[in-house]
Amino acid sequence: MRIERAELRQVELPLVFPFETSFGREETKSCVLVRLYAGGLEGWGEAPAAGAPLYNEETVGTAWHILEEFILPLLLGRDLSDPREFPPLVRHLRRHHMAKAGVEAALWDLFCQAQRISLAQALGGTRRAVDVGVSLGIEPDVETLLRRIEEFLGRGYRRIKVKIKPGWDVTVVRRIRDRFGGIRLQVDANSAYTLAQAPLLRELDDFDLLLIEQPLGEDDIVDHAALQAQLRTPICLDESIVTPDDARKALDLGSCRVINIKAARLGGLTAGLQTHDLCRARGIPVWCGGLLETGIGRAANIALASLPNFLLPADLSASDRYFHEDIIDPPVTLNADGTITVPDRPGLGFTVNLDRVRRCTVRSANIPS
Ligand code: OSB
Ligand code: MG
């Protein structure tokens with residue numbers, strides 16, 4: 001399939017409610033959408049870099065620059081016979097994983113449409129529906145967070161993840177357990193602690209959490225190994241795992257017992273698949289993380305989460321948890337049993353609503369222009 005041309009769009013969608021983590025507060029979702037044209041078809045992908053380099057080093061600005069100046073010029077005019085041919089083409093460009101992942105997702109969408117198969121089928125998915133949860137941010141006070149949790153449990157979510165940071169951790173988790181009993185509960189620190197705070201983190205062992213996500217440095221796997229040796233609760237790494245090889249090293253060191261897979265953080269769906277397979281071979285459960293994706297990025301995550309070793313609920317919620325109006329039709333909805341159905345239509349399995357995409361576009365470019 002010859003990739004003829006591309007369109008980039010920076011979009012901004014107001015969030016239904018602000019999302020605060022240990023690294024900052026977001027009120028608007030920004031990202032770069034990649035649209036590729038080939039053989040009368042078009043494929044869509046999302047580079048979920050945010051406005052500021054807080055979760056990782058990328059931003060919408062860096063993603064745009066790298067896509068426009070480096071990645072797309074390498075791809076356009078080329079004939080590919082499989083999306084897996086893309087990562088080797090851009091391997092010499094260091095990092096910029098989210099920018100690469102946006103293009104790779106659009107390629108998968110194109111190839112799946114051409115073969116008339118769903119993305120889940122192309123990736124080797126085995127589930128018709130995926131178990132999901134909701135990720136809730138830091139709130140001005142604990143009562144507000146408890147009300148949010150109650151609201152989402154009421155909507156049918158059966159796993160709750162809460163963001164923690166020093167000063168918003170053990171007491172908050174205790175209040176959640178006191179109020180809601182034995183719900184499936186996990187926490188995410190986004191690198192807010194140091195190994196010196198191990199005694200405090202050990203207090204979390206009393207609350208039967210599914211896991212503690214990324215307590216220490218975003219580039220660390222050594223201190224995490226020391227911490228895991230002192231904790232009963234499994235550590236799950238997110239930020240620290242940016243390649244499948246990082247996963248191997250972290251598992252060799254004992255830095256974690258669970259891995260959060262975000263294809264965008266790893267540089268694309270192919271690296272996501274490789275990380276999944278590696279963990280599966282070593283008996284390590286994985287789950288699908290999220291980056292507040294629009295429906296375009298979410299659709300790809302749903303397909304990936306249908307693979308067999310995704311054994312814990314995903315950070316994939318219905319469109320209405322994030323946006324008043326998503327940019328895909330139909331929007332993603334939650335089933336009564338707390339799952340999201342994996343679409344079986346060709347490609348992403350949802351239709352991109354061009355009208356809504358246009359309305360939230362703040363910058364666009366055609367390549368070549
Ligand atoms: O660390 O998992 C994270 C959102 C933005 C950046 C980092 C993270 C998150 C989430 C939200 O936890 C997951 C989602 O619902 O998309
Ligand atoms: Mg995380």
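This is a predicted model: local features need pLDDT of at least 70, side-chain atom pairs count only at pLDDT 80 or more; totals for chains, interfaces and linings use all residues.

Let's start with Thr-28, which sits in strand β2, the stretch of residues 24-38. Leaving aside residues up to four places away in sequence, Thr-28 touches Glu-12, Leu-13, Pro-14 and Leu-15. Another residue to look at from here is Val-16: it is twelve residues from Thr-28 in sequence, and the C-alpha atoms of the two are 8.9 Å apart in space. Is Thr-28 buried, exposed or partly exposed? Its relative accessibility is 34%, so Thr-28 counts as partly exposed, because that label covers values between 20% and 50%.

For a contrast, turn to Arg-356 in helix α14 (residues 354-360). Arg-356 has a relative accessible area of 17% and is therefore buried. Again not counting residues up to four places away in sequence, Arg-356 touches Glu-325, Asp-326, Ile-327, Ile-328 and Asp-329.

Most peptide bonds are trans, and most residues other than glycine have a negative phi. The bond that joins Asp-329 and Pro-330 is a cis peptide bond, with omega at about -10°. Pro-330 belongs to the loop between β12 (328-329) and β13 (339-341). A cis peptide bond also joins Ile-367 and Pro-368, where omega is about 0°. You will find Pro-368 in the segment after β15 (361-367).

His-96 is not a glycine, yet its phi is positive, near 50°. This residue lies in the loop between α2 (86-90) and α3, and with a relative accessible area of 24% His-96 is partly exposed. Ser-191 is not a glycine either, and it has a positive phi of about 70°. Its place is the loop between β7 and α7 (198-202).

Which residues coordinate the magnesium ion (ligand 2)? They are Asp-188 through OD, Glu-213 through OE and Asp-238 through OD, at 2.1 to 2.3 Å. Along the chain, these donors follow the spacing D-x24-E-x24-D. Asp-188 is in strand β7 (residues 184-188) and Glu-213 is in strand β8 (residues 212-213), so this pair ties together parts that are 25 residues apart in sequence. Asp-188 and Glu-213 are both buried.

Now for the helices. Two packed helices are described by the angle between their axes and the distance between the axes. Take helix α1 (residues 60-75) and helix α3 (residues 97-115): their axes are 9 Å apart and they pack at an angle of about 50°. That angle makes α1 oblique to α3. The crossing of α1 past α3 is right-handed. On the α1 side the contact is made by Ala-63, Ile-66, Leu-67, Ile-71, Leu-72 and Leu-75, and on the α3 side by Ala-99, Lys-100, Val-103 and Leu-107. Sorted by class, this contact of α1 with α3 has nine nonpolar residues, one charged residue and no polar ones.

Helix α3 meets another partner, α11: these two pack at an angle of about 90°, with axes 8 Å apart. So α3 is roughly perpendicular to α11. Here Glu-104, Ala-105 and Trp-108 of α3 meet Leu-269, Thr-270 and Leu-273 of α11. The residues of this contact of α3 with α11 divide into four nonpolar, one polar and one charged.

Finally, follow α11 to α9. The axes of helix α9 (residues 244-253) and helix α11 (residues 269-281) come within 8 Å and cross at roughly 25°. The two helices are therefore roughly parallel to each other, and the crossing of α9 and α11 is right-handed. Helix α9 contributes Pro-244, Ala-247, Arg-248 and Leu-251 to the contact, while α11 contributes Ala-271, Gln-274, Thr-275, Leu-278 and Cys-279. By class, the contact of α9 with α11 has six nonpolar, two polar and one charged residue.

Terms used: Residues are numbered from 1 along each chain as its sequence is written. Chains are lettered from A and ligands numbered from 1 in the order in which they are written. Side-chain values use heavy atoms; hydrogens and water are left out. Donors are N, O and S atoms within 2.8 Å of the metal (3.2 Å for Na, K and Ca); water is not among the atoms, so sites may look incomplete. Helices (H or I, at least four residues) and strands (E, at least two) are DSSP runs, numbered from the N terminus. Buried means under 20% relative accessible area, exposed over 50%, partly exposed in between (1.4 Å probe, protein chains only). Axes are lines fitted to C-alpha atoms, for helices over the stretch in contact, and angles run from 0 to 180 degrees between N-to-C directions. Angles under 35 degrees count as roughly parallel, over 145 as roughly antiparallel, 65 to 115 as roughly perpendicular and the rest as oblique. A crossing is left-handed if the near helix is turned anticlockwise from the far one by less than a right angle, and right-handed if clockwise. Contact means heavy atoms within 4.5 Å. Ala, Val, Leu, Ile, Met, Phe, Trp, Tyr, Cys and Pro count as nonpolar, Asp, Glu, Lys and Arg as charged, and the others, Gly among them, as polar.
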